[in-house]
Amino acid sequence: MERLLAACSLIFVLISVVFGTELTFELPDSEKQCFFEQIEKGVQSTIEFQVITGGQYDVDMELTAPNGQTLYKDVKKQYDSFTWTPDQTGVYKFCFSNEFSTFSHKVVYFDFQVGEEKPLFDQENKQATAMTMMESATEDIHSSLNDVIDSQTHFKLREATGRIFAEDLHARVNYWSIGETLIILMIGLGQVFILRSFFTDKKTSGMPIHS
């Protein structure tokens, strides 16, 4: 539990902007968590998710339209991405389920993007040609920075997954070493008592015989 909370605090990202949301959360065993998003008709949307740690690194995911129609559903997925264009305006629901697991907590990351980001500059009111080159360079830098942010997010997810796996492996090795040490000590003490019994004079009881 402590490792899960540490991982969650390490890679916790909660950015609520006009165009999307990123969130890392803990999903307990035998539970289901749902999120809701208001989306306008015709606005292309994308959801991407990944299980950071827990069990077999899998989770069930379902996306439902306002009318109850299932747009996406899959079971025991480690990661996936789904893009669609809504045909109706309303509140869309996407749920992550860990109900199939009885003891493994999961840490899940998802990135929900709604629509496209607005341009930095108004394309309809361009006047100076000299500014066009500056605007183009600014747009390129902005796009590159967004790519860097996405890359850093995925690298953080990979690093967290690898670190938690290494910590679990380290803990198992420690427990195994402690168990082997106790077994060796028990065997050594048993051998000492057995060897001592070979060299210990056994006292005999009885009446002395007089001549």
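Trainee: What makes Phe96 count as buried?

Mentor: This is a predicted model, so everything here is computed from its atoms. Phe96 has 0% relative accessibility, and the label buried needs a value under 20%, so Phe96 qualifies.

Trainee: Why is the pair of Phe25 and Phe96 called tilted?

Mentor: Two numbers decide it. The ring centres of Phe25 and Phe96 are 5.7 Å apart, and a pair needs centres within 6.5 Å. Their planes make an angle of 55°; stacked would be under 30 degrees and edge-to-face over 60, so this pair is tilted.

Trainee: Which parts of the chain does that pair tie together?

Mentor: Strand β2, where Phe25 lies, and strand β8, which holds Phe96; the parts are 71 residues apart in sequence.

Trainee: How do you know that Tyr72 and Phe82 are a tilted pair as well?

Mentor: Their centres are 5.3 Å apart, against a limit of within 6.5 Å.

Trainee: Which members of the largest nonpolar core touch the most others?

Mentor: Phe25, Met61, Phe94, Phe96, Phe110 and Phe112, out of 22 residues. Several strands each supply at least two residues of this core, including β2 (20-27), β8 (90-97) and β9 (106-114). The largest share, four residues, comes from β9. Another core lies apart from it, with five residues, among them Ile52, Val107, Tyr109 and Ala160.

Trainee: What makes the link between Cys34 and Cys95 a disulfide?

Mentor: The S to S distance is 2.0 Å, and the rule asks for sulfur atoms within 2.5 Å, so Cys34 and Cys95 pass. By this rule the count comes to one disulfide. The angle about the S-S bond is 110°, and the link is right-handed. Cys34 sits in strand β3 and Cys95 in strand β8, so the link ties together parts 61 residues apart in sequence.

Trainee: Why is Cys34 called partly exposed, and what is Cys95?

Mentor: Cys34 has a relative accessible area of 31%. Buried needs under 20% and exposed over 50%, so Cys34 falls in between. Cys95, at 5%, is buried.

Trainee: What makes Lys76 exposed?

Mentor: Its relative accessibility is 51% and exposed means over 50%, so Lys76 gets the label. Lys76 is in strand β6 (residues 70-77), and its phi is near 50°, a positive value in a residue other than glycine.

Trainee: Where is Tyr57 found, and what is its phi?

Mentor: Tyr57 is in the loop between β4 and β5. Its phi is positive, about 60°, although Tyr57 is not a glycine.

Note on methods: Residues numbered from 1 in each chain as written. Predicted model: local features only at pLDDT ≥ 70, side-chain atom pairs only at ≥ 80, totals over all residues. Heavy atoms only, no water. Core = buried A, V, L, I, M, F, W, Y, C linked by side-chain atoms within 4.5 Å. Buried < 20%, exposed > 50% of the residue type's maximum accessible area, 1.4 Å probe, protein only. Phe/Tyr/Trp six-rings, centres within 6.5 Å; stacked < 30°, edge-to-face > 60°.
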